[in-house]
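Subject: Structure handover

Hi,

Here is the structure I promised to pass on.

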Amino acid sequence: MGEFELIRRYFQPLAENHGSEAVVLGVGDDCAVQRIPEGRDLVFSIDTMVEGIHFPQEYCPDYLGWRALAAATSDLAAMGAAPVCFTLALTLPEANEQWLTGFARGLSSASESFGLVLAGGDTTRGPLVLSMQVHGTVRRGEALRRSGARAGDLVLVSGTLGDAGAALDFLEEPRPSDDMAFVLGRYHQPRPRLDLGASMVGLASSCIDISDGLIADLGHVLKASGVGATVDVSKLPLSAALCSIKGIEAARYGLSSGDDYELCLTIPPERWKVAPEALKQQLTIIGAVEQNPGLRLRGGPDAVGNNAAGFDHFGGGS
Ligand SMILES: [Mg+2]
């Protein structure tokens, strides 16, 4: 199968999944054309995944299609951007039809579910590598950034943390229990927090998505903002499944393992007070921003300790 046939058969349908007025010209020309509405900024990001490094060898292609787009789209969520379209550069060892069918199926359901249309791409032969560039837009000048956290702000996270990292132990499990199935679902099919990110525009002082683990990613925010924070480990939102699987170790996963694609954000307390109830229900306050640089942990079980620096090499993040 040649490159054009491969694109026509497997990827053209994704370009037609749903019309987007913003994509004036999509797959099939030398470039795609995206129209940026008056009063909005273009927000874009690229994410590369390499077999054996960012996903396991022989990984299910359906999940790979979903995960690769979810990971890239999560960066749009972190900026508060509304998703528009994406491009895909796919390097494949061979044009295996079964693999391509599964991959396109996973990618297609993710693209429909996140609201991004395929606007173009490229295929080449080589070791399995995927690069996805995602495009979104945000109200002019209002993209959420890592650099806006100020002393006194609250530190919050969405959802539950640590589930995807715990799933790495069970990727080969032939008969997963309900708890295992729950964390596996979080690993295979993460859901970027697009609506939440967009709702935090104008409210959050900073935001990042948790791809490498809370400590690492909150650390980026603190550094970019020139501040520090204390996190109360007993406040970490942990799923019942994670707690039952990992017991006393659950908090370590919540602090350090990656791939959950939840959001970590900071917000001044006076803005939090007036935030809509529907937003508050999606977020958990886990700590506070302080002038003193560095990240401090308190309130954790003895298994965790209170030294955030000691977590650098723990966890299954990618
Ligand atoms: Mg990110």
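Leaving aside its neighbours within four places in sequence, which residues is Arg 146 in contact with? They are Ser 206, Cys 207, Ile 208, His 220, Val 221, Ala 224 and Ser 225, where contact means heavy atoms within 4.5 Å.

Before the rest, some ground rules. This is a predicted model, in which local features need pLDDT of at least 70 and side-chain atom pairs count only at pLDDT 80 or more, while totals for chains, interfaces and linings use all residues. Residues are numbered from 1 along each chain as its sequence is written, and side-chain values use heavy atoms, with hydrogens and water left out.

Back to Arg 146. It sits in the loop between β6 (129–139) and β7 (154–158); helices (H or I, at least four residues) and strands (E, at least two) are DSSP runs, numbered from the N terminus. Arg 146 is partly exposed, with a relative accessible area of 40%. On that scale buried means under 20% relative accessible area, exposed over 50%, and partly exposed in between (1.4 Å probe, protein chains only).

An unreviewed UniProt entry annotates Gly 121, Asp 122, Arg 146 and Ser 211 as "binding site". These residues span 91 residues in sequence and the farthest two C-alpha atoms are 31.5 Å apart, so they do not all gather at one spot. Gly 121 belongs to strand β5 (residues 117–125) and, at 55% relative accessibility, counts as exposed. UniProt positions are in the numbering used here, feature names are shortened, and annotations may be inferred rather than shown by experiment.

The unreviewed entry also has a "binding site" at Asp 47 and Asp 75. Although spread over 29 residues of sequence, this pair clusters in space, with a largest C-alpha distance of 9.1 Å. Asp 47 is in strand β3 and is partly exposed at 22%. Not counting residues up to four places away in sequence, Asp 47 touches Ala 71, Ala 72, Asp 75, Leu 130, Ser 131 and Met 132.

Now for the metal. Asp 75 (OD) and Asp 209 (OD) coordinate the magnesium ion at 2.1 Å. Asp 75 lies in helix α2 and Asp 209 in strand β8 (residues 206–210), so the pair ties together parts that are 134 residues apart in sequence. Asp 75 is partly exposed at 23% relative accessibility, whereas Asp 209 is buried at 3%. Donors here are N, O and S atoms within 2.8 Å of the metal (3.2 Å for Na, K and Ca); water is not among the atoms, so sites may look incomplete.

Helix α2 (residues 61–78) is worth a look too. Of its 18 residues, 15 are buried, so α2 is largely enclosed by the rest of the structure. After α2 comes Gly 80, with a positive phi near 75 degrees. Helix α3 (residues 97–114) packs against α2 at an angle of about 35 degrees, with the axes 6 Å apart. Axes are lines fitted to C-alpha atoms, for helices over the stretch in contact, and angles run from 0 to 180 degrees between N-to-C directions. Residues making the contact include Trp 66 and Leu 69 of α2, and Phe 103 and Leu 107 of α3.

Last, the unreviewed UniProt entry places "domain: PurM-like C-terminal" at residues 150–298. Over that stretch the chain is 38% helix and 23% strand, and the end C-alpha atoms are 20 Å apart.

Cheers
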